[in-house]
Amino acid sequence: MSWRQSLRVRLLLLGAVAVVVTLVVAGIFILASFTASIEAERRDDLQASLDRLIAAIDPDSVDLAGPQPLSDPRYDTPLSGLYWQIDDRDSGDVIRSRSLWDQQLAPASLDHSDAGGEVTEAIGPGKERLIVLSRTVTAEGSSGERHFTVAVAERRGQDADPVRRFGTDLIGALAILGVVLTVAGALQVHFGLQPLQTLRRQVAGVRHGESRQLPSDGPEELV
């Protein structure tokens, strides 16, 4: 008998396909939810720092002055991966966090005026990939309007990315779960088809004259 005619093989294949499809869909949904949660948390952290920087701007001051040290000490640690910068768009003056050392965030990433800030990508110190939250601010001073661009940035290294680590762990967990579900499905098919195997032998017995009729004590679905 060909494997294509085997009910057992068909059930096993359908079960395996169902397990794979279910786990893939579940994995995509879980990873998307986790990513959205992490991105929201990152955005909130950067937004809090951006708001504090904006609040520290004094439009009546001749020279730009930075805020008191932000809560995260990485802003004061050279090349830590967490940076801020304020550009005076009228005078061209720039102040920045100590973490930027003697470098600046790329001006191309600092040209957004969205009320909540705009998220972009940029290349930072050491050619690292940065996620930048920036906002253009207009402040009214005693001598008129002044315009500033404020930005905070965070390094997104692949090795330290929690989404990447979670995705790797998730794939391993789903693979193990897939194996367990496939084995469980195989056992279910094996024991579920046992009455059919018994019925097959009984039919063969009647066909060969070993029995006169089929017994009446089989499963309800086969009686």
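A residue is called buried under 20% relative accessible area, exposed over 50%, and partly exposed in between, with a 1.4 Å probe and protein chains only as cover. The model is predicted, so local features need pLDDT of at least 70 and side-chain atom pairs pLDDT 80 or more, while totals for chains, interfaces and linings use all residues. Residues are numbered from 1 along each chain as its sequence is written, and side-chain values use heavy atoms, with hydrogens and water left out.

**Exercise 1.** Find how many aromatic pairs there are, and classify F34 and F166.

*Solution.* Rings of Phe, Tyr and Trp (its six-membered ring) pair if their centres lie within 6.5 Å; planes under 30 degrees apart count as stacked, over 60 as edge-to-face and the rest as tilted. By this rule there is one aromatic pair. F34 and F166 are stacked, at 4.0 Å centre to centre with 20° between the planes. F34 belongs to helix α1 (residues 7–55) and F166 to helix α2, so that the pair links parts of the chain 132 residues apart; helices (H or I, at least four residues) and strands (E, at least two) are DSSP runs, numbered from the N terminus. F166 counts as partly exposed because its relative accessibility is 25%, and F34 is likewise partly exposed, with a relative accessible area of 25%.

**Exercise 2.** Determine how strand β4 is joined to β3 and to β5.

*Solution.* Two strands pair if DSSP finds at least two bridges between them. Six bridges join β3 (residues 118–123) to β4 (residues 129–141), antiparallel, and E121 has I131 as its bridge partner in β4. With β5 (residues 144–155), β4 pairs in the antiparallel sense over 12 bridges, where A139 stands opposite R146.
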